[in-house]
Amino acid sequence: MTDIFEKPSLATLVNEIVALNHSWKAAVELFGDDNPLAQSARDLKGCLQIRLLQSYPEEVYLKIDRETSEQAGEDLYSLQLRKPINNRCNAEHLPVRVAKKLLTEAEIIKLKNPMI
């Protein structure tokens with residue numbers, strides 16, 4: 001049995017985030033935005049994204065995605081991966097408003113400035 005407090009691998013977190021993102025979108029299509037299942041999938045995805053950022057700050061950084069933000073009607077961060085995982089260069093999008101709720105301003109500043 002896996003210890004729930006054990007640090008999951010970078011690839012595991014990215015895969016879980018992608019799966020939850022697909023689940024959230026499917027639940028919204030089937031049941032609507034206000035459905036508890038859709039809200040739960042969305043919230044869990046955000047929590048896993050924060051865990052990814054805090055667990056692997058050297059492997060992932062925040063970058064505003066202008067195009068997707070314009071389509072969504074709000075500012076969205078793309079969680080950019082420094083090295084692709086399963087041919088993915090990002091771990092989906094996180095609304096800026098959610099990042100501001102779940103991260104400190106210092107964490108956001110640090111995570112927006114990728115180490116090169």
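Predicted model: local features only at pLDDT ≥ 70, side-chain atom pairs only at ≥ 80, totals over all residues.
Start with the strands. The model has an open sheet of 3 strands, in the order β1-β2-β3, and the pairing is antiparallel. Residues 60–64 make up β1. Both β1 and β3 are edge strands with a single partner each, so one side of each has no neighbour in the sheet. From one strand to the next, the twist averages 30 degrees.

Each pairing can be followed through a pair of residues. Strands β1 and β2 run antiparallel and are joined over 5 bridges. Within that pairing, valine 60 has leucine 81 in β2 as its bridge partner. Strand β2 covers residues 76–85 and β3 covers residues 88–95; these two also pair in the antiparallel sense, over 5 bridges. Here leucine 76 stands opposite proline 95 in β3.

Helix α2 lies across β1, β2 and β3. Its direction runs at about 120 degrees to β3. Helix α1 covers residues 10–31 and α2 covers residues 36–55.

Leucine 37 belongs to α2. Setting aside residues up to four places away in sequence, leucine 37 touches Ala27 and Phe31. Alanine 19 is 18 residues from leucine 37 in sequence, and their C-alpha atoms are 14 Å apart.

## The largest pocket

The largest pocket has a volume of about 580 Å³. Its lining counts 24 residues. Nearest its centre lie Trp24, Arg42, Lys45, His93 and Pro95. Pro95 is also the residue that stands opposite leucine 76.

Which elements supply the lining? Helices α1, α2, α3 and α4 (96–102), together with strand β3, each give at least two residues. The most comes from α2, with 6 residues. By kind, the lining divides into 9 nonpolar, 6 polar and 9 charged residues.

Helix α3 spans residues 66–72 and holds glutamine 71.

| Residue | Relative accessibility | Class |
|---|---|---|
| Serine 69 | 6% | buried |
| Glutamine 71 | 64% | exposed |

Serine 69 counts as buried because its 6% is under the 20% limit. Glutamine 71 counts as exposed because its 64% is over the 50% limit.

What does serine 69 touch? Leaving out neighbours within four places in sequence, serine 69 is in contact with Ile64, Glu74, Asp75 and Leu76. Leu76 belongs to β2, which covers residues 76–85. Ile64 belongs to β1, which covers residues 60–64.

Leucine 30 is 41 residues from glutamine 71 along the chain. The C-alpha atoms of the two are separated by 21 Å.

Methods
Residues numbered from 1 in each chain as written. Heavy atoms only, no water. Helix = DSSP H or I, 4+ residues; strand = E, 2+ residues; numbered from the N terminus. Buried < 20%, exposed > 50% of the residue type's maximum accessible area, 1.4 Å probe, protein only. Pairing = 2+ DSSP bridges. 1 Å grid on protein atoms, 1.4 Å probe; cavity = no way out; pocket = protein on both sides within 12 Å on 5 of 7 lines; lining within 4 Å. Points joined across faces, edges and corners; volume = space filled by probe spheres on them. Nonpolar A, V, L, I, M, F, W, Y, C, P; charged D, E, K, R; others polar. Axes fitted to C-alpha atoms, helices over the stretch in contact; angles between N-to-C directions. Contact = heavy atoms within 4.5 Å.
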